[in-house]
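Visitor: Hi, could you walk me through this one?
Guide: Happy to, here it comes.
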Amino acid sequence: MNLENKTLKELFDLVDKIGKKRYNRLTEQDFSNYKQYDHWRYINSNFGTGSTQESKDWVTDHSDSHCPICNIRYHKDNGRTIDHKLPRSKYPWLSMEFKNLWVICRDCNQEKGEMDWYEYERYIFIRYPKSYSDLRIYRPIQLIQLKKS
Ligand SMILES: [Zn+2]
């Protein structure tokens, strides 16, 4: 498909179409990998949140004082959360891949929900146009290329 001659609107329509399609059919192996990961999350942790001292340290090391999306300063009730750039529901095998994780605020995490990455970029482009160019550095390009091959 040649994307170069398409208008922005045509590209957005395409993203919409692709993003809404559930194109990963999970295998038995995917599920068994996922169960392993899921177990790992809860080792030494508070079972309810799945947060460990290691994950708390990781969050501190990988975040600024402000959320990279909405630019609001993190505070107690709107704290830092670890988000999966490519959502766990569609990419369970990437749920413990550190390249797939980043720190954003709770509100942004909820807004993002199960959006696929490019759906999400489109959403940011419309909702937070000032943040858009800075956010492109977070693109999980390697993971997306890995998936294609
Ligand atoms: Zn935010």
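Visitor: Among contacts in the chain between residues at least 6 apart in sequence, how many join residues at least 24 apart?
Guide: Of those contacts, 59% do, where contact means heavy atoms within 4.5 Å. This is a predicted model, where local features need pLDDT of at least 70, side-chain atom pairs count only at pLDDT 80 or more, and totals for chains, interfaces and linings use all residues. Residues are numbered from 1 along each chain as its sequence is written, and side-chain values use heavy atoms, with hydrogens and water left out.

Visitor: Nice. What are the donors of the zinc ion?
Guide: Cys-67, Cys-70, Cys-105 and Cys-108 each give an SG atom, 2.3 to 2.4 Å from the zinc ion. Donors are N, O and S atoms within 2.8 Å of the metal (3.2 Å for Na, K and Ca); water is not among the atoms, so sites may look incomplete.

Visitor: And what spacing do the donors follow along the chain?
Guide: The spacing is C-x2-C-x34-C-x2-C. Cys-70 lies in the loop between helix H3 (53-61) and strand S1 (80-84), and Cys-108 in helix H4 (residues 106-112), so the pair ties together parts 38 residues apart in sequence. Helices (H or I, at least four residues) and strands (E, at least two) are DSSP runs, numbered from the N terminus.

Visitor: Is Cys-108 buried or exposed?
Guide: Cys-108 is buried, at 2% relative accessible area, and Cys-70 is buried too, at 18%. Buried means under 20%, exposed over 50%, and partly exposed in between (1.4 Å probe, protein chains only).

Visitor: Switching topic, where does Ile-126 lie?
Guide: Ile-126 is in helix H5 (residues 117-127), and counts as exposed because its relative accessibility is 55%.
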